[in-house]
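Here is a short report on one protein chain. It covers strand pairing, the nonpolar core and model confidence.

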Amino acid sequence: MKFLAKTLVFPLVAAIMPLTACTPTGGSKEPGAIPSASEVVASAAVASASPPAASTAGPTGSERAPIPGGFKRAGVEVVQDDFVVVGIVDLAPGEVALVDAGVAEDAGPVLAALSKRGLGVDAVKAIFLTHGDFDHTRGVSRFPQAQVLALDADVALVEGRAAKHPGREAKLTGIKVNRALRDGETVELGGVRFEVFAVPGHTPGSAAYIARGVLFMGDSAGTSVEGKLLPGDPQHTVDQPLNRTSLRALAERLAPRAAEIEAMVMSHTKSTERGLAPLLEFAAANKD
Ligand SMILES: [Zn+2]
């Protein structure tokens with residue numbers, strides 16, 4: 001019952017923290033934005049079977065596509081942790097890296113996915129954070145042995161030495177970033193390359209990563225139900241014009257390498273397996 005009691009606490013915590021991060025599909029606080037206790041318990045027990053979050057209208061009028069549970073491809077598993085996802089990237093036998101750590105403080109969904117492979121906490125060697133919002137970082141403390149990496153401009157936000165929005169009070173998170181990343185750098189772990197791209201806008205230090213042919217976008221983009229790429233959710237994106245500029249710039253950088261990118265993972269919406277196409281289409285339609 002200890003585990004159950006812990007998960008039941010989450011909705012209360014989420015209810016007092018939403019202004020610093022994203023709600024399920026990045027929309028307003030409609031009913032369903034804060035998961036019920038039963039939903040949280042369900043998602044912790046069966047990570048990929050969590051009920052999808054409700055859709056909300058995106059900035060272009062398109063509906064944001066809910067996370068449809070997990071996602072798997074060679075060497076990459078995407079686990080749904082309630083209204084956000086965590087990427088598990090295989091490094092070597094028995095060793096993985098995470099892209100973000102999820103919203104569950106006990107990292108229940110991630111640990112459940114690892115457990116299915118016979119792995120435990122110690123298998124996680126590194127955590128690449130897409131940005132410093134709490135719904136992506138709360139699970140970090142469950143993996144004290146893992147190296148924590150984040151883009152330099154978001155290190156203070158991750159650690160809680162800076163607040164996301166001006167005028168709000170910063171509160172230390174207890175997380176320590178072991179390695180501050182720079183745009184354009186590559187981190188190699190167990191022979192797997194993680195490429196780092198700065199996509200400022202959602203937060204100053206928002207990062208996208210490419211690993212094993214998957215482009216992890218964090219909250220810098222979402223997908224619509226029609227499979228189109230949407231920019232970062234306007235309610236929680238600190239600089240929307242910069243977010244759009246960053247998406248266009250990323251499209252330009254990656255266009256010559258489109259063949260290498262097989263899937264894009266968005267943190268709060270459905271992932272897409274149309275390669276880089278959604279990002280390229282967005283850039284073509286938003287030249288300004
Ligand atoms: Zn988020």
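Strand S6 pairs with strand S7 (residues 179-181) in the parallel sense, over three bridges. Leu151 has Leu181 as its bridge partner in S7. Strands here are DSSP runs of E, at least two residues long, numbered from the N terminus. Two strands pair if DSSP finds at least two bridges between them.

This is a predicted model: local features need pLDDT of at least 70, side-chain atom pairs count only at pLDDT 80 or more, and totals for chains, interfaces and linings use all residues. Residues are numbered from 1 along each chain as its sequence is written.

S6 (residues 147-151) also has strand S5 (residues 124-128) as a parallel partner, joined by three bridges. Ile127 stands opposite Val148 in S6. Of the five residues of S6, four are buried. Buried means that 20 or more other C-beta atoms, placed from the backbone, lie within 10 Å of the residue's own.

**The open sheet**

A mixed, open sheet holds five strands, in the order S8-S9-S10-S11-S14. S8 (186-189) and S14 (263-266) are the edge strands; each has a single partner strand, so one side of each is left without a neighbour in the sheet. From one strand to the next, the twist averages 20°; angles run from 0 to 180 degrees between N-to-C directions, with axes as lines fitted to C-alpha atoms. S8 pairs with S9 (residues 192-198) in the antiparallel sense, over four bridges. Thr186 has Glu195 in S9 as its bridge partner.

| Pair | Sense | Bridges |
|---|---|---|
| S5 and S6 | parallel | three bridges |
| S6 and S7 | parallel | three bridges |
| S8 and S9 | antiparallel | four bridges |

**The core**

Which residues touch the most other members of the largest nonpolar core? They are Leu98 and Ile127, in a core of 70 residues. Strand S3 (residues 84-92) gives the most to this core, with six residues. Such a core is a set of buried Ala, Val, Leu, Ile, Met, Phe, Trp, Tyr and Cys residues joined through C-beta atoms within 7 Å. Leaving aside neighbours within four places in sequence, Leu98 is in contact (C-beta atoms, placed from the backbone, within 7 Å) with Val86, Gly87, Ile88, Val110, Val124 and Ile127.

**Confidence**

pLDDT, the predictor's confidence in each residue from 0 to 100, averages 83 over the protein chain. At least 70 is reached by 78% of the residues. Residues 1-20 stay under 50, with 20 contacts beyond four places in sequence in the model. Residues 22-61 are also below 50; this stretch has 102 contacts in the model beyond near neighbours in sequence. Where pLDDT is low, the predicted coordinates should not be read in detail.

Conventions
Buried ≥ 20, exposed ≤ 12 C-beta atoms within 10 Å, placed from the backbone. Contact = placed C-beta atoms within 7 Å.
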